[in-house]
Every structure is written in structure tokens, then in C-alpha cells.
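Here are some notes for a colleague who is opening this structure for the first time.

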Amino acid sequence: MMLKDKVALVTGAGRGIGQAIALAFAKEGAILVLSDLKTEFLTETEALAKQAGSPKCLLTQANVANGDEVDQVVKIALDTFERIDILVNVAGITKDGLLATMSEQDWDDVLSINLKSAFLFTKACARPMMKQRSGAVINIASIIGIAGNAGQANYAASKGGMIALTKSTAKELAKRNIRANAIAPGFIKTKMTDKLPPDLVEKMKEQIGLKRLGEPQDVANVAVFLASEASAYVTGQTIVVDGGLVL
């Protein structure tokens with residue numbers, strides 16, 4: 001029970017990596033505040049979290065790129081549980097396209113949902129964490145934010161920005177015993193990758209040292225480590241979880 005009675009706020013918790021992190025935290029005894037665009041996206045996560053052992057689970061709804069809605073989520077969490085010990089910024093989207101033809105709207109949407117949301121939630125949680133003189137912020141970035149990728153200039157910029165935001169957050173908040181770290185997943189098996197043609201998936205596997213796609217649980221395991229006291233002396237770092245894709 002590495003996170004027993006810790007209050008963890010997880011964005012984008014309705015599916016994929018966000019859901020896996022929420023369930024991994026539940027197994028470690030965390031109290032969960034789950035956020036997504038609509039609360040109905042979270043009903044499955046809530047049911048599974050209770051089965052996994054989470055003592056309490058609060059569902060919240062927010063457009064993560066809207067500061068007022070983000071502040072409201074954090075207020076509800078504090079009004080209910082009086083503290084926030086862990087923040088995990090998972091919410092994100094893709095709108096891929098070549099740089100020369102990418103619309104300004106697609107650029108803005110991806111940067112807002114992926115990067116601005118992490119800024120807004122971190123800002124909103126920083127004050128209560130500073131007051132309690134403890135906290136852990138975990139940003140879910142991507143290897144695309146490290147290596148770049150053709151056709152994903154907006155996504156790469158957003159995830160690279162999350163890594164830089166993580167480092168600045170770590171430097172600003174360390175004196176209050178608040179740690180900030182990022183996880184950079186590679187190709188992770190989700191509903192999105194399930195829709196890809198089998199031959200493309202096989203080509204992806206061939207690029208990976210371990211010759212398989214990652215599972216959301218692979219990312220969740222690292223998130224548990226970064227949220228717990230096992231990583232008490234780790235801050236400002238980006239941990240790559242890609243099976244040896246980018247070396």
C-alpha cells in the first residue's frame with residue numbers, strides 16, 4: 001500500500017494510460033479524484049478502482065484547457081478531501097498532419113489540451129501542495145517530445161513543452177518538498193493502436209528493442225514509483241518507457 005490514503009488527482013482518467021494509472025493507484029490504497037471531459041467517461045474507471053481497493057473515488061468534469069473549470073475541479077477536491085498529494089497530468093489528444101498543411105486550429109487544440117492543461121492543473125495544485133509542504137506532480141509526456149516525429153509537429157511541441165514545464169516546476173517547488181517528474185511513453189497498446197492495420201503494428205514492433213508494444217500498465221508502474229516515497233529523491237526527471245525504441 002505505497003499510496004495509502006494519499007489523495008491523487010488524475011486527468012484523462014476515462015481510458016488508456018489515465019485509467020491504468022488510476023487503477024494502479026487504487027491498488028496502492030490511494031483516494032482518487034478522477035477528471036475527464038464528461039463524468040460518464042469515468043464510470044468504468046470508478047467501478048474498477050473500487051474493485052481494486054480505492055477507499056474513495058470522486059468523479060469530476062472539466063475541459064482541461066479552461067482555467068475556470070480546472071480551478072473548480074481542484075476546489076471540489078480540496079473541499080472534499082482537504083488536500084491533494086499527487087497530480088497526474090494525462091489528458092491529451094492528437095491531430096496529426098504535415099507541418100506545411102497543418103491548420104492553426106489543429107495546432108492550438110493540441111497545445112491547449114496537452115500542454116496548457118498541465119500548466120493549469122499544476123498551477124491550481126501548487127498552492128495547496130506548498131501549504132502542506134509536500135506533493136508529487138507527474139506529467140505524461142512522450143518520446144515524440146524528445147525525438148520528434150514527421151506529421152506530429154503540434155504533438156511533439158506539446159510533449160516537449162511538458163518536459164520543459166516539468167523541469168521548471170521541479171526547480172520552483174523543490175524547496176517546499178514538492179517533486180515534479182515526467183514519463184515519456186513510446187508505442188503503448190491502447191484503443192487507438194488497436195485500430196491500426198496489423199502490418200503497421202508489426203513494423204512498429206520491429207523498431208522496438210523488446211519487440212512488443214507497451215501496455216498501459218507499464219506506464220502506470222512507473223507512475224506509482226514517482227508518486228510514492230520510493231522516489232523521494234527524484235525530481236525534474238523524464239523517465240522513458242519505450243521498450244528500447246529510442247536509445
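1. Start with Asn177, which is partly exposed because its relative accessible area is 48%, a value between the 20% and 50% limits. Asn177 lies in the loop that links helix H6 (153-173) to S6. Its phi is positive, about 65°, although Asn177 is not a glycine. Please keep in mind that this is a predicted model.

2. Asp5 shows a positive phi of about 65° as well, and Asp5 is not a glycine either. Asp5 sits in the segment before S1. With a relative accessibility of 44%, Asp5 counts as partly exposed.

3. The sheet is the next thing to trace. Seven strands make up an open sheet, and their order is S3-S2-S1-S4-S5-S6-S7, with parallel pairing. Strand S3 (57-61) and strand S7 (238-241) are at the edges; each has a single partner strand, so one side of each is left without a neighbour in the sheet. From one strand to the next, the twist averages 15°.

4. For a closer look at one pair, take strand S4 (residues 86-89) and strand S5 (residues 135-140). These two run parallel and are joined by four bridges. Leu87 has Val137 in S5 as its bridge partner. Helix H4 (residues 104-132) packs on the sheet, where H4 touches strand S1 (7-11), strand S2 (31-36), S4, S5 and strand S6 (178-185). The direction of H4 makes about 175° with that of S4.

5. Which residues of helix H2 (residues 43-52) are buried? They are Thr45, Glu46 and Ala49. Viewed down the axis of H2, these buried residues fall within an arc of 100°, so they line one face of the helix. Helix H1 (16-27), S2 and S3 are included in what covers them. Just after H2 comes Gly53, with a positive phi of about 120°.

6. Two packed helices are described by the angle between their axes and the distance between the axes. The axes of H1 and H2 come within 8 Å and cross at roughly 25°. An angle under 35 degrees counts as roughly parallel, and H1 and H2 are therefore roughly parallel to each other. Their crossing is right-handed. On the H1 side, the contact is made by Gln19, Ala22, Leu23, Ala26 and Lys27. On the H2 side, Glu44, Thr45, Leu48, Ala49 and Ala52 take part. Two of these H2 residues, Thr45 and Ala49, are also listed among the buried residues of the helix.

7. Finally, look at Gly186. Is Gly186 buried or exposed? Gly186 is buried, because its relative accessible area of 17% falls under the 20% limit. Gly186 is placed in the loop between S6 and helix H7 (191-194). Leaving aside its neighbours within four places in sequence, Gly186 is in contact with Ile143, Val241 and Asp242. Of these, Val241 belongs to strand S7 (238-241). Gly186 and Gly214 are 28 residues apart in sequence, and the C-alpha to C-alpha separation in space is 7.3 Å.

Conventions: Residues are numbered from 1 along each chain as its sequence is written. This is a predicted model: local features need pLDDT of at least 70, side-chain atom pairs count only at pLDDT 80 or more; totals for chains, interfaces and linings use all residues. Side-chain values use heavy atoms; hydrogens and water are left out. Two strands pair if DSSP finds at least two bridges between them. Axes are lines fitted to C-alpha atoms, for helices over the stretch in contact, and angles run from 0 to 180 degrees between N-to-C directions. Contact means heavy atoms within 4.5 Å. Buried means under 20% relative accessible area, exposed over 50%, partly exposed in between (1.4 Å probe, protein chains only). The arc is that of the directions from the helix axis to the C-beta atoms. Angles under 35 degrees count as roughly parallel, over 145 as roughly antiparallel, 65 to 115 as roughly perpendicular and the rest as oblique. A crossing is left-handed if the near helix is turned anticlockwise from the far one by less than a right angle, and right-handed if clockwise.
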